Structures are given as C-alpha cells and as structure tokens.
Amino acid sequence: INFTQTKVQPRHAMRLNSTDPIINWARDMAKMPVIKNNGGMNENKNFVSKKAPHITTLSIMTRYCRGFVGGDYLQRKTTASLTLKDGRELSKDELDSKIALGTLFFEQWANYQGERFHKDKTGYQTGSMTIQALGLVGYTILYKNELAKTDTELLDELDRCAKILALLNYAKDAEHWGRCRVMSKRGNGFYNATQGGSGFRVGLADYFCKLVGYNLVY
C-alpha cells in the first residue's frame with residue numbers, strides 16, 4: 001500500500017512485479033552466462049553507466065522483450081498489457097514460442113561480440129536505446145519470416161542477423177554511425193540527433209534492420 005500517494009516509478013513497479021510474464025522473461029534472461037558472468041542485471045536502475053558493476057537492467061531487458069514480441073506499440077506501454085497493435089491479446093502459447101526466439105537472438109548477439117560486449121561500457125552496446133532497438137529488429141525478422149520459414153530456418157535467420165549486428169563497432173566515435181539518420185557528430189563522437197528517446201530508438205532499429213537486409217516493421 002502506497003501511503004504517501006506518490007507515483008511509483010516504472011523501474012520500482014517492475015522490481016515488485018512477480019506476475020507479469022514479460023518481466024519474468026526478462027528476469028530469466030539474467031541467468032544467461034553472458035549477463036550473469038559479467039555483472040548481472042540491476043533491478044533498481046534504468047541504465048548502465050560506464051562504471052556500473054552490472055551489464056544491464058531489468059528495465060532495459062523488459063523493454064527489449066516487449067519490443068521483440070509486440071514491436072514499438074507494445075514496447076512503449078508501461079502497463080502489463082499484452083494487447084497487440086491489431087487489437088488481439090498475445091496468447092500464452094505464442095508468447096512461449098517467442099520467448100525462446102527472443103532469448104536466442106539477444107544471447108547470440110552478445111556472445112558474438114565476445115569481450116567487446118562487457119569490457120568497455122562507454123560504447124552503445126550496453127545502452128538502453130540500442131538494446132530496445134534490437135528488440136524491434138527481432139520483431140521485424142519474425143514478422144517477415146514466421147509464415148514463410150520453418151522453425152529451424154527462422155532460428156538460422158535470427159542467428160545470421162545477430163552475428164552481423166554483433167560485428168558492428170559500438171564505440172561512440174565509430175564512423176559508421178554517420179550513416180544512421182538519427183545520429184549526428186558532435187566533437188569526437190556520434191550522438192542522438194532526435195528530440196526524444198522514442199525517435200532515437202526507432203531510428204536505430206531502422207538502421208540495424210537495413211544492415212541485415214530488412215525494412216523495419218514496428
């Protein structure tokens with residue numbers, strides 16, 4: 001009971017929630033070695049600073065998961081709703097199948113980076129917007145291939161795309177960011193050129209999708 005009648009911040013609501021299947025999925029992802037062995041997941045923070053002991057946060061991974069299963073429409077929601085853009089409710093069976101795919105996509109992307117993923121946190125690879133954008137890339141791959149490919153082919157395609165994106169240089173001064181429409185150069189690095197987080201996240205997802213041969217669906 002909130003006796004002070006003050007608004008509960010989303011990260012605290014997530015930490016206290018034990019029934020939301022998406023949040024529980026995000027918690028399960030913290031058990032993968034690439035997260036567990038490199039500082040783990042912080043449930044109280046929204047971001048990863050360059051000196052943070054943790055490698056990700058519950059908030060970041062929950063947004064990744066929501067984006068993977070429901071695109072930008074579901075990623076923007078702060079409630080436990082699993083109503084998709086077309087108005088239907090995401091079923092348990094459908095969610096369970098996408099959990100396996102979404103976990104694999106993230107884990108392969110992180111693993112293919114090797115030590116680059118966790119060793120230097122000054123780059124964009126541990127950033128909230130990058131990982132949320134990765135969820136939108138996964139959503140696009142599923143949307144384009146679910147009906148056309150077998151389960152094995154879909155896993156192979158997710159793996160292919162994860163590897164391409166893992167090979168990117170995520171340092172803020174990497175010149176390839178100049179080809180991303182939501183990045184602009186300031187000083188020695190490239191930074192958010194949009195007015196807000198939503199536009200930046202979608203712009204990054206659009207850039208990543210083009211690198212793996214897709215047009216973003218969100």
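The structure described here is a predicted model. Helix α5 itself comprises 22 residues, 92-113. From its first C-alpha to its last, α5 reaches 32 Å, close to the 32 Å expected at 1.5 Å a residue.

The residues of α5 that are buried are Glu94, Leu95, Lys98, Leu101, Gly102, Phe105, Phe106, Trp109, Ala110 and Gln113. An α-helix has 3.6 residues a turn, so residues three or four places apart point the same way. Just after α5, Gly114 adopts a positive phi of about 65 degrees.

Salt bridges were examined next. Side chains of opposite charge can pair when their charged atoms come close. In the model, the count of salt bridges comes to 13. One of these joins Lys31 to Asp28, with the closest N and O atoms 3.2 Å apart. Lys31 counts as exposed, because its relative accessibility of 59% lies over the 50% cut-off. Asp28, at 42% relative accessibility, counts as partly exposed.

A further salt bridge is formed by the side chains of Arg88 and Asp86, at 3.1 Å from N to O. Within this pair, Arg88 is partly exposed, having a relative accessible area of 38%, whereas Asp86 is exposed, with a value of 56%.

Lys185 and Glu175 also form a salt bridge, in which the closest N and O atoms are 3.4 Å apart. Lys185 belongs to strand β3 (residues 183-186) and Glu175 to the loop between α8 and β3, so the pair ties together parts that are ten residues apart in sequence. The relative accessible area of Lys185 is 47%, and this residue is therefore partly exposed. Glu175, at 54% relative accessibility, counts as exposed.

Beyond the individual pairs, salt bridges that share partners join Asp86, Arg88, Glu94 and Lys98 into one network.

Technical notes:
Residues numbered from 1 in each chain as written. Predicted model: local features only at pLDDT ≥ 70, side-chain atom pairs only at ≥ 80, totals over all residues. Heavy atoms only, no water. Helix = DSSP H or I, 4+ residues; strand = E, 2+ residues; numbered from the N terminus. Expected span 1.5 Å × (residues − 1). Buried < 20%, exposed > 50% of the residue type's maximum accessible area, 1.4 Å probe, protein only. Salt bridge = Lys/Arg side-chain N within 4 Å of Asp/Glu carboxyl O.
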